[in-house]
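Hi there,

I'm passing a structure on to you. Please have a look, and then read on for what I found in it.

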Amino acid sequence: MSALALRQQEFLACLLDDATPLPAGWDTRRVAGMAVYRNAYRTRLIDALRETFERTAQLVGEDAFRRAAAHHLITNPPTGWTIDLTGERFAETCAELFAHDPDVAEVAWLEWAMHRAFTATDAEPLIVSRFAAATAGFSPAQWEALRLRFIPGTAVRAITHDLAKLWEALGASSFPPQVERLPRPGYALLWREGERPVFMLIPEQNGRALAGLLSGGTFGEMCAALAETIGPAKAAASAGTMLLGWLELGLVQATETE
């Protein structure tokens with residue numbers, strides 16, 4: 001490592017962590033300058049997180065949010081070239097720090113997914129008629145191997161709270177916000193509709209199936225998983241219904257077969 005690279009590494013370490021010793025030979029003017037620069041740097045990053053996670057901050061309160069943001073920046077220092085990525089893994093930080101309030105991590109995930117969907121690459125969804133034409137001659141083996149490419153920004157997450165009501169309450173600045181647990185675990189589905197990120201709550205079975213496809217799974221694997229939970233007789237019809245729903249929502253961009 002060159003002397004310059006080593007000095008840059010030492011400077012960054014000092015910037016991120018108060019406990020890191022300052023470079024040898026620094027005078028009082030440089031020490032004072034580092035304190036000012038460190039404070040300005042962290043304040044700007046915390047403000048960036050606050051802009052992205054506005055509803056999360058409202059849910060937990062400003063003081064708690066700024067402490068969580070500072071902790072996140074220390075444990076997950078930015079590594080990208082753009083400040084837009086500062087919030088990466090902040091939902092996981094919230095899950096750790098607010099372990100007794102899982103709704104906080106769920107709201108943080110939703111805000112981050114919306115942030116990422118808004119800046120995702122534009123893509124045209126595959127309409128139902130084009131999908132039907134593309135798959136009309138599929139053999140059983142081709143259906144088994146079918147993979148779906150989804151519109152960039154599409155995301156799902158398992159949830160335990162009614163995020164629809166909570167999101168609306170936070171948007172209306174209701175205090176205290178309405179936090180309700182779902183009668184049974186579900187999933188939140190988020191995608192971009194035109195230029196606007198939108199979301200809806202879906203049943204756990206649908207969410208699991210969609211999560212598997214989003215992670216690269218095949219249609220055959222999805223059907224097999226459904227057969228284990230609801231039986232082979234119902235699996236095919238359920239898979240077809242879900243697939244049609246995703247096409248109608250405009251989630252699917254293309255089909256892929258091996």
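**The aromatic cluster**

Phe 65 counts as buried, since its relative accessibility is 1% (buried means under 20% relative accessible area, exposed over 50%, partly exposed in between, with a 1.4 Å probe and protein chains only). Before going further: this is a predicted model, where local features need pLDDT of at least 70 and side-chain atom pairs count only at pLDDT 80 or more, while totals for chains, interfaces and linings use all residues. Residues are numbered from 1 along each chain as its sequence is written, and side-chain values use heavy atoms, with hydrogens and water left out.

Phe 53, Phe 65, Phe 90 and Trp 112 make up one aromatic cluster. Rings of Phe, Tyr and Trp (its six-membered ring) pair if their centres lie within 6.5 Å; planes under 30 degrees apart count as stacked, over 60 as edge-to-face and the rest as tilted. The count by this rule is eight aromatic pairs. In one of them, the ring centres of Phe 53 and Phe 90 are 4.7 Å apart with planes at 50 degrees, so this pair is tilted. Phe 53 is buried, with a relative accessible area of 0%, and Phe 90 is buried at 0% too. Phe 65 and Phe 90 form an edge-to-face pair, 5.6 Å centre to centre and with 70 degrees between the planes.

And the core? Which residues touch the most other members of the largest nonpolar core? Leu 110 and Leu 163 do, out of 34 residues; such a core is a set of buried Ala, Val, Leu, Ile, Met, Phe, Trp, Tyr and Cys residues joined through side-chain atoms within 4.5 Å.

Best wishes
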